[in-house]
Amino acid sequence: MNIPKKIKNICCIGAGYVGGPTMAVIAQKCPEIKVTVVDINEQRIAAWNDKILDNLPIYEPGLSEVVKEARGRNLFFSTDVDKAIVEAEMVFISVNTPTKTYGVGKGMAADLKYVELCARQIAKVSTSDKIVVEKSTLPVRTAQSIKTILDAEGKDIQFKVLSNPEFLAEGTAIEDLHHADRVLIGGDQDVDGLKAIQCLVEIYAHWLTKERILTTNVWSSELSKLTANAFLAQRVSSINAISALCEHTGANVDEIANAIGADSRIGSKFLKASVGFGGSCFQKDILNLVYIARSYGLEEVADYWNQVIILNDYQKRRFAETVVNTLFNTISGKKIAVLGWAFKKDTNDTRESAAIYVADYLLNEQAELMVYDPKVKPEQIYADLDYLNTRSEEENRRLLTVVTNPYEAMDDAHAVTILTEWDEFKNYDWKKVYRGMKKPAFVFDGRNVLENELLKSIGFLTFNLGRS
Ligand code: UDX
Ligand code: ADP
């Protein structure tokens, strides 16, 4: 197989939350490599090419500076997928792998149809040997399926498939890419496989030390990604389980997190109790892990990981139930402010956000919701709710209003709920908010971000997760 000593042309299929920022940073750090990010979504590509950097399709701190530096120099966004594939020596697949909504594995397995379409397209249009890199999170052994599809075209060209899962977290994507704890590259351990791995190592070595670039076989790399997300999600569910216990015992979950986090074996990160984890990865990847375990007959393993999801659903429901119970068991017609819709701060991504499920629960009780999020657009909020199909689109719009001013959301409200930990929430004029609200004025802090003592001194009745 013809593997160049140095890669000069990269293409990435999929300009989403992973493909976009990752390729922008590769282009920034490797000015001699031409990086073309392609997507079938014309609107998304137009947004990536927008002269006004505020209009990029993804909000990530630091992203616009990186795009400004590299775009037009060696970073390009295009809808011409075929051309970019033909010209590239290395093709990244970074398309969506949602949970299947049909057929075998419905609601559990990863839907690989987009990945498969990419592989078919690469096989069809390629005219030279290529290294194909899985960037999307995929079930273990997907590389084999991709390889089979690539080879099935029967052309006189060769492909090597690498697994290079992305560990960036949204909201800190650029920081995570610039200072990655580690980069993982899995590939075949034969001569060409090792050469292909080395090509990708060289790219990351532009800005990361070699100790941070781990190489493994393909299967370890694929399974490491699922395992990393499962472990992180498990920590959140573990502390959330303890938060429920705290509310009954007088213990304080933040104090517990501090106390156990000081143990270097446990570590202090990912111990923040919350209204529930969201995001495009945790639930999807655990469901996928559970599905894979079951498919090998490992029922106990599957049940173990599935419990992380059960606990997360419980936490969202528990929070919503607390709001209803505290507001005298009736919230019909009551105005409730929802602060935060994104699944965490510093992103406009709402996939699997706890806010969607909490809002849906409160709307079932006929509450009138006033939603404010600093970065999420109103059409996204309505789309998230409509997608659940719980009630008609008209009713969603009648019961839920999206506002651009947080004070308007809270004015005349019976209660305020904090569902995302945006920093700006801490700095509001809470005395002014209190004056404008109905009394008794309740605050339900689903992220434990507000100063509870201050709120109480103003006159609010407060509920914090994991405090009695
Ligand atoms: C995650 C992984 O962190 C990342 O490595 C992987 O590549 C993709 O999935 P992301 O989903 O962007 O990243 O966000 P993350 O910071 O992991 O948070 C996920 C969810 O857990 C959020 O809803 C967050 O609010 C919640 N969370 C996180 C908590 O509730 N408590 C915590 O202590 C940490
Ligand atoms: P992630 O968070 O993993 O980046 P996203 O859903 O944000 O996932 O992005 C995936 C992107 O991949 C979408 O913009 C989608 O349009 C794009 N995509 C899916 N299939 C193809 C394809 N066959 N060719 C080009 N782009 C694709």
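**The ligand site and the fold around it**

Modeller: In this predicted model, arginine 351 places a polar side-chain atom 2.9 Å from an oxygen atom of ligand 2.

Biologist: How much of the accessible area of ligand 2 does the protein cover?

Modeller: On its own, ligand 2 has 590 Å² of accessible area.

Biologist: Which residue has a polar side-chain atom 2.6 Å from an oxygen atom of ligand 2?

Modeller: The residues that come nearest to ligand 2, out of the 14 around it, are Tyr17, Val18, Asp39, Arg44 and Arg351. Tyrosine 17 has a polar backbone atom 3.0 Å from a ligand 2 oxygen. The side-chain atom at 2.6 Å belongs to aspartate 39.

Biologist: How many residues of the shell around ligand 2 are charged?

Modeller: The shell includes 6 nonpolar residues and 5 polar ones. The number of charged residues is 3.

Biologist: Why does threonine 127 count as exposed?

Modeller: Threonine 127 is in the loop between helix 5 (113–125) and strand 5 (130–134). Residues count as exposed when their relative accessible area is over 50%. Threonine 127 counts as exposed because its relative accessibility is 60%.

Biologist: Which residues does threonine 127 contact, leaving aside its neighbours within four places in sequence?

Modeller: Phenylalanine 167 is 40 residues from threonine 127 along the chain, and their C-alpha atoms are separated by 32 Å. The residues in contact with threonine 127, with those neighbours left aside, are Val86 and Ile157.

Biologist: What distance separates the centres of domain 1 and domain 2?

Modeller: The domain assignment places domain 1 at 9–208 and domain 2 at 282–464. Between them, 22 residues of domain 1 are in contact with 18 residues of domain 2. Taken over C-alpha atoms, the separation of the two centres is 33 Å.

Note on methods
Residues numbered from 1 in each chain as written. Chains lettered and ligands numbered in written order. Predicted model: local features only at pLDDT ≥ 70, side-chain atom pairs only at ≥ 80, totals over all residues. Heavy atoms only, no water. Helix = DSSP H or I, 4+ residues; strand = E, 2+ residues; numbered from the N terminus. Buried < 20%, exposed > 50% of the residue type's maximum accessible area, 1.4 Å probe, protein only. Contact = heavy atoms within 4.5 Å. Near = heavy atom within 4 Å. Polar contact = N/O pair within 3.5 Å; in protein donor to acceptor, adjacent residues only side chain to side chain. Areas by Shrake-Rupley, 256 points an atom, 1.4 Å probe, with all protein chains shown as cover. Nonpolar A, V, L, I, M, F, W, Y, C, P; charged D, E, K, R; others polar. Domains from an automatic or database assignment.
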